[in-house]
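Colleague: I would like to go through this model feature by feature, with the general idea first and the case at hand after it.
Modeller: Then let us look at the structure before saying anything about it.

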Amino acid sequence: MNAKEIMNSIESAQMKENAPQFRVGDTVRVYGKIVEGNRERVQVFEGIVLKKQGNNNRETFTVRKISNGVGVEKTWPLHSPNVEKVEVVRRGKVRRAKLNYLRDRVGKRAKVKELIK
């Protein structure tokens, strides 16, 4: 076995079997585990998915929300044990892979149209 095969076997063992299915532009609710001292709790972070990047167990996604008039972005590893679940609130209709332009927009202009099937 060469080094690449060893890395792939280690990475595949760490991947989640039921990884959540969502796309860029979707509004998602991320349930993340937070450790405070010796207590562990689940905190919800809801916002629009700006980008997805990487592959295998290194895949990450960035979620942006507006909190008290300030934009907050958080990048989550998709296969992390600290991400309990990702729930899709609504599907977004977008035509590109990275929504970095949303950072400059405010109010109604920062919305993404809903995809209705």
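**Reading the fold**

Modeller: The secondary structure of this predicted model comes to one helix and five strands. Helices (H or I, at least four residues) and strands (E, at least two) are DSSP runs, numbered from the N terminus. The model being predicted, local features need pLDDT of at least 70 and side-chain atom pairs count only at pLDDT 80 or more, while totals for chains, interfaces and linings use all residues. Residues are numbered from 1 along each chain as its sequence is written, and side-chain values use heavy atoms, with hydrogens and water left out.

Colleague: In what pattern do the elements follow one another along the sequence?
Modeller: The pattern is α-β-β-β-β-β. The C-alpha atoms fill a box of roughly 55 × 40 × 25 Å along the principal axes.

Colleague: How should I read the sheet, and what is the order of its strands?
Modeller: Strands of a sheet pair through backbone hydrogen bonds, either parallel or antiparallel. Two strands count as paired if DSSP finds at least two bridges between them. Here the five strands form an open sheet in the order S4-S3-S2-S1-S5, with antiparallel pairing. S4 and strand S5 (83-90) are the edge strands, each pairing on one side only. From one strand to the next the twist averages 40°; axes are lines fitted to C-alpha atoms, for helices over the stretch in contact, and angles run from 0 to 180 degrees between N-to-C directions.

Colleague: Which residues take a positive phi in the two hairpins?
Modeller: In the hairpin of S2 and S3, with six residues between the strands, Gly54 has a positive phi near 85°. In the hairpin of S3 and S4, with two residues between the strands, Asn68 has a positive phi near 55°.

Colleague: How do I read burial, and is Glu59 buried or exposed?
Modeller: Buried means under 20% relative accessible area, exposed over 50%, and partly exposed in between (1.4 Å probe, protein chains only). Glu59 is found in the loop between S2 and S3, and counts as buried because its relative accessibility is 17%. Contact means heavy atoms within 4.5 Å. Leaving out residues up to four places away in sequence, Glu59 touches Lys52, Gln53, Gly54, Trp76, Pro77, Leu78 and His79. Over the whole protein, buried residues make up 29% of the 117 residues.

Colleague: What share of the contacts joins residues 24 or more positions apart?
Modeller: Such residues account for 52% of the contacts with a separation of 6 or more.

Colleague: How is a pocket defined, and which residues lie nearest the centre of the largest pocket?
Modeller: On a 1 Å grid over the protein atoms alone, a pocket is an open set of points with protein on both sides within 12 Å along at least five of seven lines; lining residues have an atom within 4 Å of a point. Grid points are joined across faces, edges and corners, and a volume is the space filled by probe spheres, of 1.4 Å, set on the points. The largest pocket holds about 280 Å³. Its lining has 17 residues, of which Ile48, Arg64, Lys65, Ile66 and Ala110 lie nearest the centre. Strand S2 (39-53), strand S3 (60-67) and strand S4 (70-77) each give two or more residues to this lining, and S2 gives the most, with four.
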